[in-house]
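Subject: Structure handover

Hi,

Here is the structure I promised to pass on to you. Please open it next to this message, and I will walk you through what I found.

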Amino acid sequence: MKSERFEALIDAIIAIIITIIVLDLPVPSVVTWDSIFALKMNFFAYFVSFLLCYNFWNNHQKFFGYIKTIDHRVMWLGAGSMFVLSFIPYLTSLITTDFNAFFPLFLYGLIFIVIDILFLMSCYILKNVDS
């Protein structure tokens with residue numbers, strides 16, 4: 001199977017995820033430098049989540065620059081990765097409610113690990129698919 005449609009799906013899902021994250025940023029009732037600065041941790045959480053999404057997208061773009069055909073294993077691992085990545089807006093919102101709470105930060109970090117494991121599994125499979 002050719003990879004172009006799968007690449008487009010990944011692009012669309014990541015664009016939606018980033019849009020949801022930025023729309024979740026709170027808007028101060030009175031816009032001043034102080035009110036925006038008070039949201040610094042929210043912006044930091046957005047920044048880290050954006051970097052995660054961008055890194056995921058960038059790695060897949062590099063892969064599909066070399067790979068032209070994929071099989072069902074790659075598609076299912078990609079679907080699993082997209083499923084896990086789709087929790088990023090929720091977890092970003094969750095950690096911004098209390099930056100000192102352990103469990104939301106644990107879940108947020110766990111998402112990074114799970115995405116990396118799925119990505120490494122994709123690398124292993126892609127190594128043999130398009131040879």
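A term to start with: a residue is buried when its relative accessible area is under 20%, exposed when that area is over 50%, and partly exposed in between, using a 1.4 Å probe and protein chains only. Ser49 counts as buried because its relative accessibility is 0%.

Before going further, please note that this is a predicted model, in which local features need pLDDT of at least 70, side-chain atom pairs count only at pLDDT 80 or more, and totals for chains, interfaces and linings use all residues. Residues are numbered from 1 along each chain as its sequence is written, and side-chain values use heavy atoms, with hydrogens and water left out.

Now the overall picture. The protein chain has six helices and zero strands; both kinds of element are DSSP runs numbered from the N terminus, helices being H or I with at least four residues and strands E with at least two. Of its 131 residues, 36% count as buried. The C-alpha atoms fill a box of roughly 55 × 30 × 15 Å along the principal axes. Among contacts (heavy atoms within 4.5 Å) with a separation of 6 or more, 84% are between residues 24 or more positions apart.

Back to Ser49, which sits in helix α3. Leaving out residues up to four places away in sequence, Ser49 touches Ile21, Ile88, Thr92 and Tyr108. One of these, Thr92, belongs to helix α5 (residues 88–97) and counts as buried because its relative accessibility is 6%. What does the side chain of Thr92 do with the side chain of Ser49? The two make a polar contact at 2.5 Å. Such a contact is a pair of N or O atoms within 3.5 Å; within protein, one must be able to donate a hydrogen and the other to accept it, and residues adjacent in sequence count only if both atoms are side-chain atoms. Thr92 also lies 6.2 Å from Ala45, C-alpha to C-alpha, although 47 residues separate them in sequence.

The axes of α3 (residues 40–66) and α5 come within 10 Å and cross at roughly 155 degrees. That makes α3 roughly antiparallel to α5. Axes here are lines fitted to C-alpha atoms, for helices over the stretch in contact, and angles run from 0 to 180 degrees between N-to-C directions. Angles under 35 degrees count as roughly parallel, over 145 as roughly antiparallel, 65 to 115 as roughly perpendicular and the rest as oblique. On the α3 side, Asn42, Ala45, Tyr46, Ser49, Leu52 and Cys53 meet Ile88, Thr92, Ile95 and Thr96 of α5. The residues of this contact divide into six nonpolar, four polar and no charged. Nonpolar covers Ala, Val, Leu, Ile, Met, Phe, Trp, Tyr, Cys and Pro, charged covers Asp, Glu, Lys and Arg, and the others, Gly among them, are polar.

Helix α1 is worth a look too. The axes of α1 and α5 come within 9 Å and cross at roughly 20 degrees. That makes α1 roughly parallel to α5. Here Ile17, Ile20 and Ile21 of α1 meet Ile88, Pro89 and Thr92 of α5.

Helix α1 (residues 4–23) also packs with helix α4 (residues 72–85) at about 5 degrees, the axes being 11 Å apart. These two are therefore roughly parallel to each other. The residues of the contact of α1 with α4 divide into ten nonpolar, one polar and no charged.

Enjoy exploring!
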